[in-house]
Amino acid sequence: MRKIVFINIILTATFYTVSFSESILEIRKKYLDKKITDYYILLSYQSEDYRDIILKDLILFEYYLDKEEVEKAKYYGVYLSSFYPLNQLTNFRLGEFYFIKGDMEKAVSFFENCVRNDSRFHEARKSLAQSYLFLKNYSQAYKHFNIFSWFNPDKEILRKLDYLSNHIESSFVSSEKKFTEIKSLLNSLKTQDIPYINVGISTKDNGNLMRIDCVKFYASNDFVIIDERGKEIIKAKGGFENEWTVVYRSAPKIFGIISPTLNKEYRIKTKFLFIIPKISDASFYISEYKWFKNKFPQNKEFRGSLIIKNLKDQIIVINNLPLDEYLYSVVPKEIGKNTPTEALKAQAVIARTVALYRKKKRFHKHFDVCWGQHCQVYEGIKTEDDSSSYAVNTTLGEVITNKDGNLENIFFHANCGGITLSAGCFYSDDCVIYDAKESFNIDDFYKWYLFPLNLNCGPSDYVHPGTFRWLRVIKKDTLSRYLDGKYKIGKLKEILIISRRKNLYINKIKIIGTKRNKILLTEHEIRNIVPNGSLRSSSFIVEYNKNTQTYYFWGAGWGHGIGMCQSGSCNLANEGRNYVDIIKHYYPLNEVRKIY
């Protein structure tokens, strides 16, 4: 009997492969590598660091879910639901579990939590759309597949959108068109010195030209069309009863202007057309662009005038307007309209500087700035707001310069995640700005991403949690196919982070494949290491879970992490800092000056 007991003691001792001498991160690594043979010892794990206890519960949650003991997993999931971004993983995994089991209503509830916390958790949104499709909730399925298609317009998704478009209710169709009443916000100001700007509004978000040969539009009031020689060609009628079409005929190399009322096409040989309203408070409503039979709906309304240029066999559509009227749309689109006034003012000064600098340096060949994130987001009148327009007007003519009084090439981004670099540090690490409300040391990257400190850019009434910390979950076979398609690596073996900048943004990452390895060095390459839409930033850590054959990308921030952190500016403004203080916080080597 003693011999049997002795053997049992030996067996038990060898069975418990996890000892409390190991850190919780080492235990987490063992779980991910499928090297833990028993988890019961974790139930009594203790630590003075609350973060260790939370990580212990995350390990137990995933362990029980791997075994399909869902009630035990949910016990830990309920506790973890209070801790963002960890609850993103628990919500996604529970949604995935119920989706596989066919319980779509429960799957929907967990996937909805994921996209509510982070609108760019694309894997959760795709599964949410699929769940709604199984439930025959076609309008919700269409909504989420449509959003997903913005980032990954593959043939499978487009086929589903075509199918769903035949099932959605008529109420889903957009409402009747209506012109916006133009507010002459600059009339009371000294407008004679305000520069004009040419905005490319027929570009992609990355600044590249859309391939189009036709534009359809309405005008709120009567207008004239003038050719390159300044000759007036047409006096045109406005109103939504008159949809005008301008098309470039590549064979005869002429513009065709199609009258809506006369059903007549005017043909003009010119390099570009000016479309100018007869009154200053008019607007143009771009309904769609076309390339042969392909249609690209726009439904955007713009101040100012239009310029339509010919470029070989296609056209470019440009919006010409006063710089500060352009900013009326840019400021709320870039930082949000429900933002503290001083943050709006800071954004107005920065946006004015960016536009003038790019105009001066001719970043684009055919216009000054593009409408998308490549320059600054500009979507016209319907995005304007009184509070942001007030911020533009009260900072009229103010820009950011260097010590010599020259315009500075500055940058800004949505959320730095906790550390940003100042304006002149896009290619160096000389100007590190810690956006923290307390002193800290980053002793562990893992806890930096999963348990963020009290930071200026943290969640608040003005900062959504999904821009601050985020998670992407991607199956290994999906990621492997994607990377092989891009870089011909064969099957994915490992992803290694080689180096980071001082703001923790990765600047070198290595993909190891069965056929070849690939080094990624640029921010664009690194953020596009995953399918279904890029990562919010290049600041992240990577976990690989062998139990589920899944990669986890835990990240911080949104954007490149250079210059002003918009989230931080909002929270600083909310604490009473004025716009000049905010600008000096993020651009300590620069000045704010009035140039008109």
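The model is predicted, so local features need pLDDT of at least 70 and side-chain atom pairs count only at pLDDT 80 or more, while totals for chains, interfaces and linings use all residues. Residues are numbered from 1 along each chain as its sequence is written, and side-chain values use heavy atoms, with hydrogens and water left out.

Let's start with the rings. Rings of Phe, Tyr and Trp (its six-membered ring) pair if their centres lie within 6.5 Å; planes under 30 degrees apart are stacked, over 60 edge-to-face, and the rest tilted. That rule gives 29 aromatic pairs. One of them joins Tyr138 and Tyr163, edge-to-face, with 6.4 Å between centres and 85° between planes. Tyr138 belongs to helix H8 (residues 138-151) and Tyr163 to helix H9 (residues 155-165), so this pair ties together parts 25 residues apart in sequence. Helices here are DSSP runs of H or I, at least four residues, numbered from the N terminus.

How covered are these two? Buried means under 20% relative accessible area, exposed over 50%, and partly exposed in between (1.4 Å probe, protein chains only). Tyr138 is buried at 18%, whereas Tyr163 is partly exposed at 42%.

Now look at Tyr551 and Phe553, a tilted pair with centres 6.4 Å apart and planes at 35°. Tyr551 is buried at 4%, and Phe553 is buried too, at 0%. Elsewhere, Tyr63, Tyr64, Tyr75 and Tyr76 form one aromatic cluster.

Last come the charges. One sits over a ring if NZ of Lys or CZ of Arg is within 6 Å of the ring centre and within 35 degrees of the ring normal. Lys300 does this over Trp371, 4.2 Å from the ring centre, and Arg469 over Trp448, at 5.2 Å.

Note on methods:
Helix = DSSP H or I, 4+ residues; strand = E, 2+ residues; numbered from the N terminus.
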